[in-house]
Amino acid sequence: MERQLETLRDYELRLLRCTSSLQPPPLSTDHSLPPIPLHGHIDSLLSFIEAGDYLQALSSDAARIILDSPNSDDFTDSAESASTAYSDLMHRVESFINDSTDDSEKGARSLLVVCVAVAALLWFTQCNITGPLDDLPKCLNPIVVTREVDLIQWETWARNQLMSAGSDLLGKFSNLQYLVCAQMLLMRINDLLFEGSDSTMFGIRSISWWIVRVLFTHQKILDERSSHLFDMLHVFMGATLTHFGTLEKVTSYWGTKLIDEERATIVSMIHLEAGLLEDIYARVDSCREHFGLAEEAAGLQLYLSGAMGFRTVHQVDAKAQRVLVSQKSSSEGADTFPLGSQSHNSDLEEISEVYMAPKLLENSNGSGILNVDSTAFRLNGIQQAVVLAQCLLIEKNSRSDELQRWDMAPYIEAIDSQQSSCFILRCFCDILRVRWEKMRGRTKERALLKMEKLVEGVSKNSPPVAERIRFCYVVNMPTIPAFRKEYGQLLVSCGLIGEALTIFESLELWDILIHCNCLLGKKAAAVELIKSRLTEVPNDPRLWCSLGDVTLDDSCYEKAVEVSGDSSARAKRSLARSAYNRGEYEKSKNLWMSAMAMNSLYPDGWFALGSAALKARDMDKAVDGFSRAVQLDPDNGEAWNNIACLHMIRKKNDASFIAFKEALKFKRNSWQCWENYSHVALDVGNVSEALRAVKMVLDITKNKQVDTGLLEKIMLEVEQRTSTEQCSLSSATSTSDSTLNFTQESENADMIGRRRETEHLVDALGKVLKQIIGSGNSGGDIWGLYARWHKINGDLTMCSEALLKQVRSYQGSDLWKDKERFKKFTHASLELCKVYMEISSSTGSRRELFTAEMHLKNTLKQAECFSDMEEFRVLQTCHEEVKKLQSDSLPN
């Protein structure tokens, strides 16, 4: 039994080698051993897969054991018939596995099903990712291959099955049933193998890896990220890393069957695929970690260096150029090699005066050009994939601009300098170069020609598919529809809209097609094209959604929901937006909830749900919507601001303060956001941040927006702290130094720290008040606060001058007609007179008392109409007090 298990693992390794090494060596079979059950069928399937003849593998006798249906003559061209056929296939697979009672035979049968599923996956990959496409036989159905009539509705059923993940397809794909079939077979075998407690004995551990590849391919053909696939991918990727995440685990599973550096290749592959998965879902830290582990397993240590060289044909003086350098570990130590000083991809070199790779000087004195063949370090396939993976990290870690592409340039040039590369790695490198060069005017023509050549190369028969499939899962190679869409967008940017229209129409990219026709002034033609397509394909929800977008007719979206079997997230999102625009916020909220339940990885949807819930007065759902939005897109400043405002309304000041700090990272020029932040900062006791926010409001609005109420609260807080510090200081100075103990010394140190903080606040408050007064936008309230600030600093003279300006600001013909204004005038007058009396008491001068007495006397005379008010009586009392002080100050 142990020998039969080893044979099964031989087959597993052969299957994986089809997507890794350039020339997988044939595994020798020990003929002295008894053959395992179904050995001939498995071996024939693997032979077809290794040769790249995937359709022949699916048509072979071995595959037909699984795929052939006894009821094939009863099949009709309908979605119901397709659903029934694939359900029957799952039942046949289950019976095929469970009919055997022998563990070794059950393992062999399971591996046979896995081989069929992998063949279906690789056939779909050839048709939609790697090519070649020329002379490709037409075979839409993996189950029914003998029928002469195409079962078109089965393909529609498969499309709807893939779209049930919560997103439309990216474009027009072919042979979708093969991807659905591969996914269903692998998931069913996985369930059957690992549902028992002792099933891992003959469990095929690599099945989780193939499931990851199927699910990742599913994600690549979708237009948006799918939360359903995200959850499944992380489960199966976790299992794969558990089985093959280290060299020790790979060696333990396959042992001596591995050749040369194959252990390192397998570990690097799994971590590269894990990193790609994290990159797709924007988990940058995890992506960086996996790419780092892949780099380590591949024996590389990459870093950037510099060298003098020439970038253009007409460049006279050498300039500093960035060069990628690798330090490769070996048994004899570590050697350092520069990667890339001359491009071997030179067929389009002469189109532009800019070199495809810089020509580096041999040494610093410019004595000669570096010879690439003498210095370039030859990278194997997996090492080249590791280098290209670094470009994905750069894309996620920096903004998308020309500088980002220059950061990627050394990695692209390093692969270009290699004399040989796998087809898929070379294609991906060329795609990265096109994305870089199309942003520069001097290289845009070369980028267009390179892209055209790549599009043509995908369809050509050379190289064969067995070579193209190598490493196709370890780089983020776009699907052929996505690739052609990118080519069409490049044509549009070059002004070749007519040629791009043909591409977009063939890919059924209706939204982009409408946009291009609008650019040409032919919007009606696009509408007619969509309507004509609907007469041919009335059950395509994408067409109905595109028609709804251009006609603004909700019935089109409702029809899309109907024909998709209530699985079109895009249609529900469009209906939700329409309901919101009509003011039907409760309906919009419910539609958004339904759409987001289908695919939660849509950040704009969570923000829209929060907005609709806020309008519908559902605060809890609004907070939840905005919170989910920032989880997916932490750079969404509007969502952070809304979260902060909702917490502020609900008096959750601590949470609001944190959310405002995040919002202000992206909304630094929003004075409303700063103003709200100042209130929340004061509520949580952070006066320093409140003052900083007030100053930002003044700077942004050019001193036009002044919140005197907030400044009043800040002044009260500062006055209270100043008073407390003065009391503490008096208490400390009254204590004898000889009686101080350790605790008292610590308390005094804390007191000194608090005093410094208070001094900082007083100084910051003064700068704010001076800025307001200096702008000429100061009213009576500001002058009053300015006077109180001078009083805190002990400058009574400046305090009196500020109070006098406050009093004068309230004076006028309206003063004696407005009770509220009179109250403010009275308060300011009393404060002014108190300061005058305090100055007189400290200096012995009678001039201040005389000024106070004259002011109060004139005020009482003019305010007789307010004689019934309490403020009038207070003024009279103050007047009497001033007169008494005057009489007491007369010499005897």
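Predicted model: local features only at pLDDT ≥ 70, side-chain atom pairs only at ≥ 80, totals over all residues.
Which residues in α21 meet which residues in α22?

**Entry 1. Helices α21 and α22**

I looked up the contact and found I497, L501, F504 and E505 on the α21 side. On the α22 side I listed W510, I512, L513, C516, N517 and L519. By class, I noted eight nonpolar residues, one polar and one charged in this contact.

I then turned to the geometry. Helix α21 covers residues 497-506 and helix α22 covers residues 510-519; their axes come within 9 Å and cross at roughly 160°. Angles over 145 degrees count as roughly antiparallel, and α21 and α22 are therefore roughly antiparallel to each other. I recorded the crossing of α21 past α22 as left-handed.

**Entry 2. Helices α12 and α15**

I next examined helix α12 (residues 262-280) and helix α15 (residues 381-397). Their axes cross at roughly 20° and come within 11 Å. Since angles under 35 degrees count as roughly parallel, α12 and α15 are therefore roughly parallel to each other.

From α12, the residues T265, S268, M269, L272, L276 and D279 take part in the contact. Their partners in α15 are I382, A385, V386, A389, L392 and K396. I divided the contact residues into eight nonpolar, two polar and two charged.

**Entry 3. Helix α31 and its cover**

I asked which residues of helix α31 are buried. In this helix, residues 653-663, I found S656, F657, A659, F660 and A663 to be buried. As a reminder to myself, an α-helix has 3.6 residues a turn, so residues three or four places apart point the same way. The cover over the buried residues of α31 includes α30 (637-649), α32 (671-683) and α33 (687-701).

**Entry 4. E712**

I located E712 in helix α34, residues 708-733. Is E712 buried or partly exposed? Its relative accessibility is 31%, so I class E712 as partly exposed. Leaving out residues up to four places away in sequence, E712 touches L785 and R788. E712 and L785 are separated by 73 residues in sequence, yet their C-alpha atoms are 7.1 Å apart.

**Entry 5. Backbone details**

I checked two cis peptide bonds. One joins G131 and P132, with omega about -5°; P132 sits in the loop between α6 (103-130) and α7 (152-163). Another runs from S462 to P463, with omega near -5°; P463 belongs to the loop between α18 (444-459) and α19 (465-468).

I also noted two residues other than glycine with positive phi. For L552, phi is near 55°. L552 is in the loop between α24 (541-551) and α25 (554-563), and I class L552 as exposed because its relative accessible area is 71%. For D566, phi is near 65°. D566 occupies the loop between α25 and α26 (569-581), and its relative accessible area of 45% makes D566 partly exposed.

**Entry 6. The protein overall**

The protein contains 40 helices and four strands. Of its 892 residues, 53% count as buried. Among contacts with a separation of 6 or more, 65% are between residues 24 or more positions apart. The protein exposes about 40200 Å², and carbon and sulfur atoms supply 49% of this area.

Conventions:
Residues numbered from 1 in each chain as written. Heavy atoms only, no water. Axes fitted to C-alpha atoms, helices over the stretch in contact; angles between N-to-C directions. Parallel < 35°, antiparallel > 145°, perpendicular 65-115°, else oblique. Left-handed = near helix turned anticlockwise from the far one by under 90°. Contact = heavy atoms within 4.5 Å. Nonpolar A, V, L, I, M, F, W, Y, C, P; charged D, E, K, R; others polar. Buried < 20%, exposed > 50% of the residue type's maximum accessible area, 1.4 Å probe, protein only. Areas by Shrake-Rupley, 256 points an atom, 1.4 Å probe, with all protein chains shown as cover.
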